[in-house]
Amino acid sequence: PLVLGIETSCDETGIGVVRGTTLLADAVASSVEEHVRFGGVVPEVASRAHLEAMVPTIRRACADAGIALSDVDAFAVTAGPGLAGALLVGVAAAKALALSLDKPIYGINHLAAHVCVDQLQHGLLPEPTMALLVSGGHSSLLLVPDVTSDVQPLGATIDDAAGEAFDKVARVLGLPFPGGPHIDRAAADGSVVIDFPRGLTSGRDMQRHRFDFSFSGLKTAVARWVEAREASGEPVPVADVAASFQEAVVDVLTRKALLACAENGVEHLVLGGGVAANSRLRVLAQERCDAAGVTLRVPRPALCTDNGAMVAALGSEMVRRGRSPGRFDLPADSSMPVTQVSTAPA
Ligand code: ATP
Ligand code: MG
Ligand code: FE
């Protein structure tokens, strides 16, 4: 089946076209430039940008895929979680298309889509797979027996998401928003010379939060370190701070991901979400998976950050599995839980 996916949960208008697990088109229009001067995504600005970009981006995706809209067998759209007003634009567009063409619509979970997108690059996910989902709004370890119906959270961040920590530390270092890619690049010229804290990795914290993460203490530690350096009148070694901070984040992420695999007898790990584009995370995850005999799957960076292909990928998998589509009055749910893979009744 031919599935068109629509993503508008944050500041990317993404339209993907997928046949089975084959990616035919992945058109993304981002409003990120419009948010830079605010240092973060402004919801109203994002919603308006989705409205403007929607039709041209759909046209571009269809042209890239060499299809007409009437060829599409099913539509998939991010129903949540995300910015309410932004989600509504995508959901309304998907309903208009599905209703006018009389095709089913799947209202799907953005986080499950971040996990499922790897199928477009590496084929069907092994079952079960452990997923490390690290993005701007989420950081979770998920046990995934079936990405269309059974996603089990083992742990999550108790404060900031990993991507949020990258963005906040970038600001402290005077790097532009969104900071993740800038820290990644700066770190390449630096060395890991500062020993920043690894939250929830020892003692009682580790006992109580075995598979949870905490990055807010790390962020504060970096800010204090930089302030102390500035107060001393010495220049801030941006590359070294970036490398040391990044190492603290990816060390904890990979350590807990491999522990979750070992304790649950899971032999496959997939990374997803914008932070999975981080070059050091990709290298360290591979090293630690090799050492543990775990197979690692990491989508290419363009599939890690928000896009429409991931939505189409999960929609396509829903069709393949014979899952029920959503109703034409399906809601946008800004706080859709990760356990709810789609808006259809289970
Ligand atoms: P969510 O998926 O939780 O709703 P989101 O959609 O805003 O959040 P994504 O687009 O999946 O998030 O990821 C964006 C985040 O990824 C930003 O915080 C950004 O800084 C981070 N990011 C992108 N590239 C990199 C990189 N190379 N290294 C580290 N972080 C990165
Ligand atoms: Mg974005
Ligand atoms: Fe995302």
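Author: Pro-128 sits in the loop between helix H5 (119-122) and strand E6 (129-134). Keep in mind that this is a predicted model.

Reader: And what kind of peptide bond joins Glu-127 and Pro-128?

Author: A cis one, with omega about 0°. The bond from Gly-80 to Pro-81 is cis too, with omega near -5°. Pro-81 is in the loop between strand E4 (74-80) and helix H3 (84-101).

Reader: OK, switching topic. Which residues does UniProt list for "binding site"?

Author: The unreviewed UniProt entry lists His-110, His-114 and Asp-306. Those three span 197 residues in sequence, but no two of their C-alpha atoms are more than 8.9 Å apart, so they gather at one spot.

Reader: Is His-110 buried or exposed?

Author: Buried: His-110 has 26 other C-beta atoms within 10 Å. His-110 belongs to helix H4 (residues 110-116), and its contacts beyond four places in sequence include Gly-80 and Pro-81. That brings us back to the cis bond from Gly-80 to Pro-81.

Reader: Nice. And where's His-114?

Author: In helix H4. His-114 is buried, with 33 other C-beta atoms within 10 Å. Leaving aside neighbours within four places in sequence, its contacts include Leu-133, Gly-272 and Met-310.

Reader: Back to the backbone: what's phi for Leu-200?

Author: Near 55°, which is positive in a residue other than glycine. Leu-200 is buried, with 24 other C-beta atoms within 10 Å. Asp-102 has a phi near 55°, but Asp-102 is exposed, with 6 other C-beta atoms within 10 Å.

Definitions and conventions
Residues numbered from 1 in each chain as written. Chains lettered and ligands numbered in written order. Predicted model: local features only at pLDDT ≥ 70, side-chain atom pairs only at ≥ 80, totals over all residues. UniProt positions renumbered as here; feature names shortened; annotations may be inferred. Helix = DSSP H or I, 4+ residues; strand = E, 2+ residues; numbered from the N terminus. Buried ≥ 20, exposed ≤ 12 C-beta atoms within 10 Å, placed from the backbone. Contact = placed C-beta atoms within 7 Å.
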